[in-house]
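I opened a notebook page for this structure. My notes follow in the order in which I looked things up.

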Amino acid sequence: MRSTLQSFFGLLIALAIGLAAGRLSAQEDPGRAKVGSLVVTVYFATDGDPKAAGEKAQEISEDLRTRLSSEKKLRFAHYRALGADTQEIFRSYENWAQPLKPSDEILVRFETRTRPEEDSISLDLELWLARKKILKTDVQLRQGRPLYVLGSEWRGGRLIIAVALAK
Amino acid sequence: MNTNPDETKLALWLDDELTGDDLAAMDTWAADMPEQLAAREELRSYRKMMAGALPASEEPPYPDFFLSRVNQGIRGLQAAEKAVASSPAAAPFWKMWLMPVAACAGMVLAFGIGRQSTDRQAPLAIVPVASPVVYTPEEGVDAEWFASSNAGATVIVLQGVSAIPDSTDFSETVYVPTASEADRTAGRRNQDKNSSRQ
C-alpha cells in the first residue's frame, strides 16, 4: 500500500515537472512570438458565368470589385471569393496558409525577413500550386496594401490569390 | 672672392672647436657679422648652463640634438641674412598669414559652391522603390511584378502556370469565407502616384 502511494505521488511530481518544463519552454521561445497575422484569400475572376465557381462561392463587395477591376491585368466581369485562411506571422518561424482547406491545391508559405514595423512587414513568401512551388518572392506588405497574384486558370476564369496583413 | 666658410668650419667655430689659423680666419670673418657672434655667444651660454646642470665626468646626452640645434641656428641665420638683403621687413609676416587665409577662403568657397549645386528639396540619396525579387522555379512559368497605383496593391501576374482541371470542385472542399472575410483585402487604398513595372 505504502509503495503504491509512493509510486502515485512520484508519478504526479514527474507529470507536474514535465508540464512546467514544457510550458516554460514554450513561453521562453521568442521565435514563436506573434508579430502579425496574414490573411490569404482566393478569388475566382471570370468574364464568363460566375456560377462556375459553385453556389457556395461568395460575392465580393463593390469596393473590392472596383479595386480589382481598376487594374487592367486584374479586370474581369465577375469576382467570387472561394476561400480564406488567416494565420499568425511568427517572429522567426515559417507558417503556412491554406485558403482552400482542406484542399492543398493552393498553399502559401511565409516567414519574416526583417523586424516588423508598426503597419508593415517584409516577408519571404512562396506560392505553391498543385503541390509545386510556383513562385518565390520577397514582398513588403503594408496595412491596406495587399499582394495580388494572378494565378492559375480554372473553369474559364483565373484565380487571384490575395495576401494581406490582417487588420 | 668667396670668403664665406663652409658649414663644417662654421659649426666648429660656433662650438669653439677651432684653433690656430682656422680660428683666426673665422674670427676675422665674423668680426663684422654681429649675428654670428651673437649665435656663438648663445651657444656658449647654453653649454655653460648644461655643464652646470650635468656632472663634469658625464658627456652631455643627445649629441645629435646639439648638432641639429647648431645646424638649425646656422640655417636660421643664413635665412635671416637673405631676408634682410632681399625683402622689406613686413614681407615675412604677410607671407606667414597668406597661406592659412587663402586655404580658409578656398574651403569657404568650395562649401558655398557645393551647397548651391544641391537642390535643397531633393533627398540626399536616391532611395529606390522596394521591388521584390520574383523567382519562378517551375520550367515555363514566368512572373511579372508591378506596383499598381490604381489597385493600391502589389501585383504579380503568373504566366505559363498549368490550369487547374475543371473537374476540381472547390465548392465541395472549400472553407467559404464570410462576407467580411471575403473583403479583407478591400481596405483603404494607398494613393500611390507612381506605378513601376518590372
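I began with the contact between the two chains, taking contact as heavy atoms within 4.5 Å. I found 58 residues of chain A touching 52 residues of chain B.

I noted the ground rules next. This is a predicted model, in which local features need pLDDT of at least 70 and side-chain atom pairs count only at pLDDT 80 or more, while totals for chains, interfaces and linings use all residues. Residues are numbered from 1 along each chain as its sequence is written, chains are lettered from A and ligands numbered from 1 in the order in which they are written, and side-chain values use heavy atoms, with hydrogens and water left out.

I looked up the buried area, the accessible area (1.4 Å probe) that two parts lose on being put together, summed over both. Chain A and chain B bury about 4800 Å² between them. Carbon and sulfur atoms carry 53% of that area.

Then I turned to salt bridges (a side-chain nitrogen of Lys or Arg within 4 Å of a carboxyl oxygen of Asp or Glu). The rule finds two across this interface. In one of them, Arg155(A) meets Asp169(B), with the closest N and O atoms 3.9 Å apart.

Which elements give two or more residues to the side of chain A that touches chain B? I listed β1 (34-46), α2 (62-69), β3 (78-90), β6 (120-129), β7 (132-142), β8 (147-154) and β9 (157-165) of chain A. Helices (H or I, at least four residues) and strands (E, at least two) are DSSP runs, numbered from the N terminus. β7(A) gives the largest share, 10 residues.

I followed the strands. Two strands pair if DSSP finds at least two bridges between them. β8(A) pairs with β3 (residues 153-159) of chain B in the parallel sense, over four bridges. There, Leu147(A) stands opposite Thr154(B).

I also traced an open sheet of five strands, β4(A)-β5(A)-β6(A)-β7(A)-β1(B), with antiparallel pairing. β4 (95-97) of chain A and β1 (134-135) of chain B stand at the edges with a single partner strand each, so one side of each is left without a neighbour in the sheet. Within this sheet, 10 bridges join β6(A) to β7(A). Leu123(A) stands opposite Val139(A) in β7(A).

Last, I checked aromatic pairs: rings of Phe, Tyr and Trp (its six-membered ring) with centres within 6.5 Å, stacked if the planes are under 30 degrees apart, edge-to-face if over 60 and tilted for the rest. The Phe44(A) and Trp154(A) rings have centres 5.3 Å apart and planes at 80 degrees, so the pair is edge-to-face. Phe44(A) lies in β1 of chain A and Trp154(A) in β8 of chain A, so the pair ties together parts 110 residues apart in sequence.
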